[in-house]
Amino acid sequence: MKEEELPVDAAQEARKVLDELRATLGSIGDGVIATDGAGQITRLNPVAASLTRWSEAEALGKRLDEVFRIVHEKSGVAIENPAAPVLHEKKTMALANDTLLIARDGTVCPITGCTAPICDEEGAINGAVLVFHDQTAARAAQQALRKSEELHRFQENLDRVDRAIKQETDVEQMLWNIVQAVFSIFDCDRAWLFYPCDPEAPSFRVPVEVSRSEYPGANIQNMDVPMSPDLARNLRELLESDGPVTYTVGTDRPVNQVTAEQFGVQSQMAVALYPKVGKPWVFGLHQCSYPRRWTREEKKLFSEIGRRVSDGLSSVLFLRDLQENEERFRATFEQAAVGLAHVAPNGRWLRVNQKLCAIVGYSREELLQKTFQDITYPEDLETDLENGRQLLAGKIPTYRRQKRYIRKDGSLIWINLTVSIVRDASGSPAYFIAVIEDISERQRAEMALEESEAKTRSILDNIGIGVTLISRRMEILEMNRRMREWFPAIDVGKSPICYRAFNDPPREEACGYCPTVKTLQDGLVHEATTQTPQDGVIRNYRIVSSPVFNAAGEVTAAIEMVEDITEKLSLESQLRQAQKMEAVGRLAGGVAHDFNNMLGVILGHAELALEQVDPVQPLHDDLTEIRKAGQRAAELTRQLLAFARKQTVSPKVLDLNETVASMLSMLHRLIGEDINLTWLPGGELWPVKIDPVQVDQILANLCVNARDACAGVGRITLETNKVTFDEVYCTLHEGFSSGEYVQLAVSDSGYGMDKEVLENLFEPFFTTKDLGQGTGLGLSTVYGIVKQNQGFINVYSEPGVGTTFRIYLPRYRGTREQEAAEGRSPQIAGGPETILLVEDEPAILNLGRAMLERLGYRVLTAGTPGQALAMAKEYAGDIDLVVTDVVMPEMNGRALCQRLLLLYPHLKRLFMSGYTANIIAHHGVLEEGVFFVQKPFSLRELSVKVQEALGKKE
């Protein structure tokens, strides 16, 4: 019955009920949708309209599933129209908890609710009513509550771990506490710590592990586990990850084979720990009973636990290291073999070890009441204070010195002190660290050793041989002074190799004859002589090598004793050369003597014949030529005697130009055809007084040296000149003397000389020529001749340019009358005197008698010294003069004269010879009262010498 069909009262009542129903539906907080029996919507309250986004007017007459679209929350599958089963089965149906309502605009919200049938009075189903509730707010509240509970549990678990970390300072116990707490929190089968997390390590060890009894692990095995490739790969993954890494059998990240098979693991979660001490660790959980899926919350919790364990590990490891270091420091400080102390900036001892107390003789308590100033020797204190100020100012980091302490008993000890400074966090000085070593005994030993070494070094440095210590590696360890003088470029501190350092250029390997190599091999003494290139020359050394043994009898080094025998060999060579020259000189002298005898006969008879032949006759010219040829031969013999140094010194006033000119032909033969000899005489030279033979010696020596310096083709120039030196010039030029001189210069275009050669130029036996090429006596002879004649010599030379010798002979200062008198030949004259002539050569004896008789003398002749003595004894008259040869059989001329003087005390003596020796010459000059005539001689020369010997001067 419809409302209009009801009675008025009934209709009003119905409207009233309907209004109340509408008011009720509009005020309740749930959505309400009513349908008719066909399932079409008849009512839709405001809440339902709001949730479905359908207005009541739009929804009326629509099927319920058009307006009320619902799906399964997890699967997203549409849910059957909830009114359908209610209308068909007449029972109430509840919506599932995981139902989602999809609004008309696509908005989704979770709902709960139920659908009930609408029945009439007879129980027939007229429709259905759906009541549903929006779960969004409820779910949010529920989720917030769950999160709050989870956060609470998360924090509780972290608190448990924190307590496990903070309760212990012992690292092992702390790790046990942590692992047990985590094992309980995650309710797993095994919790463990693994070290090291190093894929390159050969093995690993599980130092801490908690597990269920049915799943024992590595800790029970108590052994290092080899690192497998799979495990190493897992470690790399852990090191590369920012958090925990999980492994589960049957997934794309399975547990590695070794862990799964050896330890029965089906699921694992692990994280790398990074304590600040040592290598990374691994913290892990095992699930052995089933393949556990680790939740996000579990991973988050495990990650945070790992971070806190890392921090805890850092702390306890630091603490453990600090404790261990402190203990080591304490043990080191107390047990150190040297004194150790901490000293305040004001000098007070803060901490001292027992060794320092023993050094200074104070107890620890006594010493801590003092300052370092109290026990420092006063003379050493200021240096300590200044060094301390430098340390405090930061100018030096440390200082070391040797100083003296005053012991408690008043005695002095030497210490070796090292001091540094410690500063606090702000940089302010906190205290000094002092290291004190008692070196008193060492000081005494070192002093004794230094004295011994000084004596040894003094001996080694002052002996005439070189001494070198050579290691087994052929390194030069030590050298004495002589070796350092020979090889100044060697730096022993760089351990140079001997066969490289001692040769120029260096050798690449040891010398095959090296005695040191042999000594190092067999431990015996060996000797060798070597030629060593050094500074561009070859030095000769004699080396004797002796072994150095250690306590075990092993050869550890060799001592080389080196003698430079270069000069010795040179002197031996020079001696041989001098002996050879002496032999040549004797030979030349002997030949000249005999040749002079023959020349004397020729010249004497030629001169006697010339006096008997009229100058207009042709025979006179022939005899004159014979005499000239003989005189030239005599001149050659005189030069030969000069070279043999058998000619006596007989100074004469001469013109140097004439003397040099007379030598030119001889010099040409000496220097050879390849050398160009140029003669540049100066004009109007002053006279000089010198033996012309000495001039010949000077020229011969200088020209031969110049020839050798040219080494082939070259030029030699002879010059004379007049020079005058004043006092100013001589003051500026060492070796020069003021006055007037005649200069003789010999220049060559040879290779010249360096400073070292020039400094030794006139030394006897000094030569730059090769072995056997020269004696080194030539220039010393020149120097001696010049000095003997009151002259001086100057040498100028440059390598590659040439050499000039300038000889300055003093001007002869005699008057012209004296010069004329000295140069004028006396008249041939004789007298009534009786002369004893002694000559072992019959031809010379006969010639001499003829000449003397021609001069008017009474002549007695003897062929031997014995005949002369017999004749002198038998002769009844006086003998005024004896003229005797120097070298004769039986006895020489001087010995004969000494015998004759016993018979005739006033006997005058005249010696004659082709050469003179020490018999008549004393240091190269004839003795006072002894006269000499050189063979061959002319009648005029004989007359002059006889007159001089008899004391008859014109």
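In this predicted model, Arg212 and Asp189 are joined by a salt bridge, with an N to O distance of 2.9 Å. Arg212 belongs to the loop between strand S9 (203-211) and helix H8 (218-221), and Asp189 to the loop between helix H7 (171-186) and strand S8 (190-195), so the bridge ties together parts that are 23 residues apart in sequence. Arg212 is partly exposed at 26% relative accessible area, whereas Asp189 is buried at 3%.

A salt bridge also pairs Arg253 with Glu237, whose closest N and O atoms are 3.6 Å apart. Here the loop between strand S11 (245-248) and helix H10 (257-263), which holds Arg253, is linked to helix H9 (residues 229-240), which holds Glu237; the two residues are 16 apart. Arg253 is partly exposed, at 37%, and Glu237 is partly exposed, at 25%.

For Arg811 and Glu740, the closest N and O atoms of the salt bridge are 2.7 Å apart. Because Arg811 lies in the loop between strand S30 (802-810) and helix H27 (816-823) while Glu740 lies in strand S28 (residues 739-748), this pair ties together parts 71 residues apart in sequence. The whole structure contains 38 salt bridges.

The cysteines remain to be considered. The count of disulfides is zero. The sulfur of Cys188 has its closest cysteine sulfur in Cys288, 8.9 Å away, and is therefore too far for a bond. Cys188 is buried, with 0% relative accessible area, while Cys119 is partly exposed at 35%.

Key: Residues numbered from 1 in each chain as written. Predicted model: local features only at pLDDT ≥ 70, side-chain atom pairs only at ≥ 80, totals over all residues. Heavy atoms only, no water. Disulfide = S-S within 2.5 Å. Buried < 20%, exposed > 50% of the residue type's maximum accessible area, 1.4 Å probe, protein only. Salt bridge = Lys/Arg side-chain N within 4 Å of Asp/Glu carboxyl O. Helix = DSSP H or I, 4+ residues; strand = E, 2+ residues; numbered from the N terminus.
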